[in-house]
Amino acid sequence: MPLTDNFGRSIHDLRISITDRCNYKCVYCRTGTNGAAYAELPFDDYLRMARILVGLGITKIRLTGGEPLLRKGIVEFVRDLAKLRTAAGKKPEIALTTNGHLLAEIAQPLKDAGLDRVTISMDAVDAERFARITRVPNGYESVLAGVRASRQAGLDPVKINCVLLRGFNEDQIANFGRFAREEQVVVRFIEFMPLEEDRVWTPEIVVTLDEIVSRMAEYLPLEEIAHERSETARRYRFSDGVGEIGIIAPVSHPFCGHCSRIRITSDGKLRTCLFSVWDHDLHELMRRGATDEKLIEFIVKVVEKKEERHHIGEPGFVPASRTMVHIGG
Ligand code: SAM
């Protein structure tokens, strides 16, 4: 029984946040003072949720946070997830989103445990600017080591997520183009969304897809290539065929009509949209002893009512009930 919502979208991507703690305080995400706001569950609880959801058609699981590498036991958790089987008898694809700070040591063990892919967040490719954005000194070298260790471990592809903010780091666009080619990674620019703790978002701060493409052309022109409908990023390659760039443009080119994602927060709430104004307490049901059948009934009903789309930038926009770090990006 594959999961489908009332708009006919089939749901096959699951993101699980395993903590909302983070060791970085990126200026566009955190206030700089807040720590964790929500509980963390034992891995066995996330595993049960994942098992049930894979039984309902989930084929891809992404671990995120907060910073997922802060959780001890993540390698064993990946190993357990890798034992799950989809309806087609395949291992679900397992991916990780991380700031990369602790990745160098653990990339190979994660790969050996069954991790397929990694996305590492970097909002600048120079050490000083990197420190200003993350508000953590000396992170750049650790993250770069994490990027290289991931490639060496055979995690493929290694993707880099970069959120651009006007007046802050849009001058890094060409440097990221160079970085993608030199390090053989896919760099994906993400339009800034109103999901930050400080509520500083304005449409003017967003560096849009069109602008990114034209600024990159000052370095080297990009050509668009085909992407899966449910993929968040539009894909581009450089005109000489070396290097790939992605652009995730939820603000200027929304892709909600093809959304295939649901999320579980660190405290076990099911969220059907980043911009949901409420969440659904799957863990509370489990805690009260619900059978798998009851949990399935709950999940199917919740997913049916997945939001049609977000309303970023529209009059009367209602902010999500949680900010990005407490949802799981
Ligand atoms: N700590 C991990 C990391 O840094 O990748 C995982 C969690 S982080 C919230 C996931 C991604 O969301 C990062 O790439 C981050 O840059 C992005 N992000 C955070 N706030 C955002 C916002 N308001 N708009 C767009 N992307 C955002």
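A crossing of two helices is left-handed if the near helix is turned anticlockwise from the far one by less than a right angle, and right-handed if clockwise. By that rule, H1 passes H9 in a right-handed crossing. This is a predicted model, in which local features need pLDDT of at least 70, side-chain atom pairs count only at pLDDT 80 or more, and totals for chains, interfaces and linings use all residues. Residues are numbered from 1 along each chain as its sequence is written, and side-chain values use heavy atoms, with hydrogens and water left out.

**Ligand shell**

- Strands (E, at least two residues) and helices (H or I, at least four) are DSSP runs, numbered from the N terminus.

**Polar contacts and cover**

- Tyr28 places a polar side-chain atom 2.6 Å from an oxygen atom of the ligand.
- The side chain of Glu67 has an N or O atom 3.0 Å from a nitrogen atom of the ligand.
- Thr98 uses its backbone: an N or O atom there lies 3.4 Å from a ligand oxygen atom.
- On its own, the ligand has 540 Å² of accessible area (Shrake-Rupley method, 1.4 Å probe), and the protein covers 95% of that area.

**Helix packing**

- Axes are lines fitted to C-alpha atoms, for helices over the stretch in contact, and angles run from 0 to 180 degrees between N-to-C directions.
- The axes of H3 (residues 103-113) and H5 (residues 139-153) come within 8 Å and cross at roughly 20°. H3 is therefore roughly parallel to H5 (under 35 degrees).
- H3 passes H5 in a right-handed crossing.
- H1 (residues 43-55) and H9 (residues 292-304) pack at about 70°, with axes 11 Å apart. They are therefore roughly perpendicular (65 to 115 degrees).

**Backbone features**

- Asp156 and Pro157 are joined by a cis peptide bond, with omega about 0°.
- Pro157 sits in the loop between H5 and S5.
- Arg135 has a positive phi, near 60°, and is not a glycine.
- Arg135 lies in the loop between H4 (127-134) and H5.

Note on methods: A polar contact is a pair of N or O atoms within 3.5 Å; within protein, one must be able to donate a hydrogen and the other to accept it, and residues adjacent in sequence count only if both atoms are side-chain atoms. Angles under 35 degrees count as roughly parallel, over 145 as roughly antiparallel, 65 to 115 as roughly perpendicular and the rest as oblique.
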